Amino acid sequence: MTATMGARANEPPSARTAGVSVEVTITFDDFYHAHFGSVTAQLCAYTGDLGHAQDLAQEAFYRALARWDRLVRYDDPVAWVRRVAWNLARSRWRRLRTARNHLLRQRPTDAEVAGPNPDRVAIDAALAQLPATHRRAVILHYLADLSVSEIAAQEGVAEGTVKSWLHRGRTALAGLLDENTEGVCDV
């Protein structure tokens, strides 16, 4: 299929002979290759997602191909493709907004979760400063309620090693949390 179009933005210029415009015949494939990049770039700037912009542009060009016999006669077929692509993007935003509003209406308003208390933040920060082996041993022992032998089996080390990790982890945590180390007991 071919189209005759005058010069437009982002398309090959028409040949001019002595001030008279000579129409350029373009196939849909040429039209697609000439404009897909610019339409995608515009949609990417609008949506902020290149993959989604490419999908929207592809859908718009697919719809243009289905109507190419009519679009061929338009002054600016790329304007039609651009309009369709932007409409598809806006429709997606509307669907997402409607879905979000529906979800917000379904949730109770008093179900807000309180943030972590200062003690939890301090413990998380202190745990993050421990060596990985000590941190795993402390977490597995105190949060997962695993015994020393279970931790040793999971980590593939001797029970004495796990006891050492726990002792060193507790001692380091006590120092990091500015606690008195006298109350720290061994396993």
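Reply: Two notes come before that. This is a predicted model, where local features need pLDDT of at least 70, side-chain atom pairs count only at pLDDT 80 or more, and totals for chains, interfaces and linings use all residues. Residues are numbered from 1 along each chain as its sequence is written, and side-chain values use heavy atoms, with hydrogens and water left out.

Me: What makes up the chain, in helices and strands?

Reply: It has eight helices and four strands. Both are DSSP runs, numbered from the N terminus: helices are H or I, at least four residues, and strands are E, at least two. The order along the sequence is β-β-β-β-α-α-α-α-α-α-α-α.

Me: Why is H134 called buried?

Reply: Its relative accessible area is 11%. Buried means under 20%, exposed over 50%, and partly exposed in between, with a 1.4 Å probe and protein chains only. At 11%, H134 is therefore buried. H134 sits in helix 6 (residues 132-142). Leaving aside neighbours within four places in sequence, H134 contacts W165, R168 and G169; contact means heavy atoms within 4.5 Å. Across the chain, 26% of the 187 residues count as buried.

Me: Why does W93 count as partly exposed?

Reply: W93 has 36% relative accessibility. W93 belongs to helix 4 (residues 77-106).

Me: What makes the nonpolar surface patch that includes W93?

Reply: Y46, W93 and L96 form it, and it covers about 270 Å². Patch residues have over 30% relative accessible area and no salt bridge; like charges are joined within 9 Å, nonpolar side chains (Val, Leu, Ile, Met, Phe, Trp, Tyr) within 5 Å. A salt bridge is a side-chain nitrogen of Lys or Arg within 4 Å of a carboxyl oxygen of Asp or Glu. Areas come from the Shrake-Rupley method with a 1.4 Å probe; for residues, only the protein chains shown count as cover.

Me: How do helix 1 and helix 4 pack?

Reply: Helix 1 (residues 28-47) meets helix 4 at an angle of about 30 degrees, and the axes are 10 Å apart. Axes are lines fitted to C-alpha atoms, for helices over the stretch in contact; angles run from 0 to 180 degrees between N-to-C directions. The contact includes F31, H35 and Y46 of helix 1 and V81, W86 and W93 of helix 4.

Me: Which residue has a positive phi although it is not a glycine?

Reply: D145, with a phi of about 55 degrees. Most residues other than glycine have a negative phi. D145 lies in the loop between helix 6 and helix 7 (148-155). D145 is exposed, because its relative accessible area is 62%.
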